[in-house]
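Subject: Structure for you to look at

Hello,

Here is the structure I promised to pass on. Please open it beside this message and read along.

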Amino acid sequence: MKINRDRVISLLVLAPSVLAVAVFVYGLILWTGFISTVQWDTLRPDYTPVGLANYQAIFANNRFLMDIRNTVVFTICFVSASLLIGLLLANLIDRGIRRESFFRSVFLFPMAVSFIVTGVVWKWILSPGQVGSPQGVNQLFGLDPASNRWITDAHVVYIAPDSPVYQVLHNIGLGAITSPNIGVPIALLSIVLAAVWQMSGFVMILYLAGLRAIPEELKEAARIDGCSEWRIFRHIVFPLLVPMTLSAMIILGHISLKIYDLTVAMSKEGPGFATDTPANFMWQTSFRDGLFGRGAAVAIIMLVLIAGVIVPYLIWNRRQEVEA
Amino acid sequence: MSRETQPYPSNSADGMNPLKAVVILGEEESGAGNRFRPDLPSTRGAHSHGARARTSRFILYAVLFLFALWYLTPIYILLVTSLKGSSEITLDKMWALPTSFSLDGFAAAWKALAPNFLNSLLLAIPAAIISAILGSLNGYVLAKWKFRGADTLFLLILFGMFIPYQAILIPLTRMMTEVGLYGSIQGLILVHIIYGIPITTLIFRNFYAGIPTELLEAAKVDGAGFFRIYRSIMVPLSVPGFMVVLIWQFNSVWNDFLFALTLTVPSNWPLTVALNNLSGTFIATYNVQMAGALIAAAPTLVIFVVLGRYFVRGLLAGSLKG
């Protein structure tokens, strides 16, 4: 009888949290999905159904297309740079260096501060200043503020028409990706710099944990067999770090898909929406302009993109746990 | 070996599970392990010649120092700028050390941000404590009182920590308005507790999974009930787990911007929103902005320096499930 009573208590203890998640995560997602299909374009809710008109409206909005471009560029640059720097630092630190905990703390402390603080400081460092009075990095390295615009740079680098690469892409039917809308906004790279500063230490810690879990005997055996350090890394260490790499990619990737605070603190939309993000577009559309229907549509698209990354990952992780 | 039978601080050779690897790092940081691995340089030395080894060591440290410079640059800028007086904060001297120390920047920043600092404390401390208690109870049930479908339910809860909060923000704002919590710190605390459930439950569930089930069985035989076991076995054994979760939740609530911006009125703004506002206006001079940023970063930085070990464990546990 006692066991049964405790079983009931255990379920009662869990129930409020399950209910809260059911309502505030799944319930509100459904509600947002509903809002994305109604008129609601003033402060007062208006539940007139409009079908997919909100989605059509945002996909017809050039700003949203630029946000998608920014997200893709940001994700690729931010994730790959963080992974490379994290992997490099972890390998350097794992070489039995002196003052290891000092270096580890220096590389990791940015994780403890908010994106807002990071943004406020880097905004100042990455502002170009005026001609004659350079600021930040321009001043430090003696660069010309007229040509080094950093977070205020409106340029978008894209594949120019009639260039050889354009011809090739055009011939194989990929001409669409040479549109000026699909370039790399230079201002965005400054945001990437600050984001990598903040998050690369986290990747380092992940890799370091992975490296430390590899038995030293394994590497030692390979050394005795005459393997070079590079071969040991390539054939023993690296394959064992693949799951870590996947985890880091998913975590960083989903952070970059919803990045908001950092761009808001550093440059807001940026010149010509060069540093605008779907999250910022969603917020302004909803809470500044009162177009809640459209804001909800942006939110749902963000959710679908992130779920597409996270759900397979969670299932993969679950399988690993079952196998363990 | 099932997870249940593994004592928590197991030094498993399974390098693929970051949550286990965390322990390896944690032990090292506590100084219990072979912290600097003195064996490593010598084994390497045996395989390369003296001069070459010295050169590669030099390059190793040079690269490390260069990266350290990059990571510390914003701290340098924060410190030198915030300690400059108003006569010295001209742009052309932004990298120079202050010629005379002035606390004017800090005084002005504190005057502007003190109410928000208090708001952040009133927000983050209760939210972290309640989250930790709730998470430990949930983790206890999901690890030790498993029922059919418990793992699937856990997975569904876990999804909540990855969603973009934009996807719930509009109806959430409506809901908070309807129940009269919109704008208040209490409302924001509630929101942080609810959306903190997935991560806090995850950390405690994995922590408790490592406590031997035999221990609970023995207690049950002795007549201990659900709460008795929780109080006298689980809680005392999970003090490090509480540290990890308290620090994690304090940090994320302290550093949150989106919820605070959307759900509070200016008088209840926490530091992040107030700082962003301060730096966005041109009223505040740079020394005031940088002093404000330092004030906003100080509590979490102090926690990082003093309790970094738990911070790291939270980072790893929070990013990956075991």
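The predictor gives the complex an ipTM of 0.92 and a pTM of 0.89. For chain B the mean pLDDT is 84, and 83% of the residues score at least 70. One stretch needs care. Residues 1-46 of chain B stay under 50 in pLDDT, although the model has 74 contacts for them beyond four places in sequence. Where pLDDT is low, the predicted coordinates should not be read in detail.

Next, the fold of chain B. Chain B has 13 helices and zero strands. Of its 322 residues, 48% count as buried. Take the contacts in chain B with a separation of 6 or more: 78% of them join residues 24 or more positions apart.

Helix 10 of chain B is one to look at. Helix 10 covers residues 239-255, 17 residues in total. From first C-alpha to last, helix 10 reaches 24 Å, close to the 24 Å expected at 1.5 Å a residue. Helix 10 is also mostly covered, with 13 of its 17 residues buried.

Now the interface. Here 90 residues of chain A are in contact with 82 residues of chain B. On the chain A side, helix 1 (residues 2-35) gives the most, with 18 residues. What is that side of chain A made of? Its residues divide into 61 nonpolar, 18 polar and 11 charged.

Best wishes

How values were computed. Residues are numbered from 1 along each chain as its sequence is written. Chains are lettered from A and ligands numbered from 1 in the order in which they are written. This is a predicted model: local features need pLDDT of at least 70, side-chain atom pairs count only at pLDDT 80 or more; totals for chains, interfaces and linings use all residues. Helices (H or I, at least four residues) and strands (E, at least two) are DSSP runs, numbered from the N terminus. The expected span of a helix is 1.5 Å times one less than its number of residues. A residue is buried if 20 or more other C-beta atoms lie within 10 Å of its own, exposed if 12 or fewer, and partly exposed in between; C-beta atoms are placed from the backbone. Two residues are in contact if their C-beta atoms, placed from the backbone, lie within 7 Å. Ala, Val, Leu, Ile, Met, Phe, Trp, Tyr, Cys and Pro count as nonpolar, Asp, Glu, Lys and Arg as charged, and the others, Gly among them, as polar. pLDDT is the predictor's confidence in each residue, from 0 to 100.
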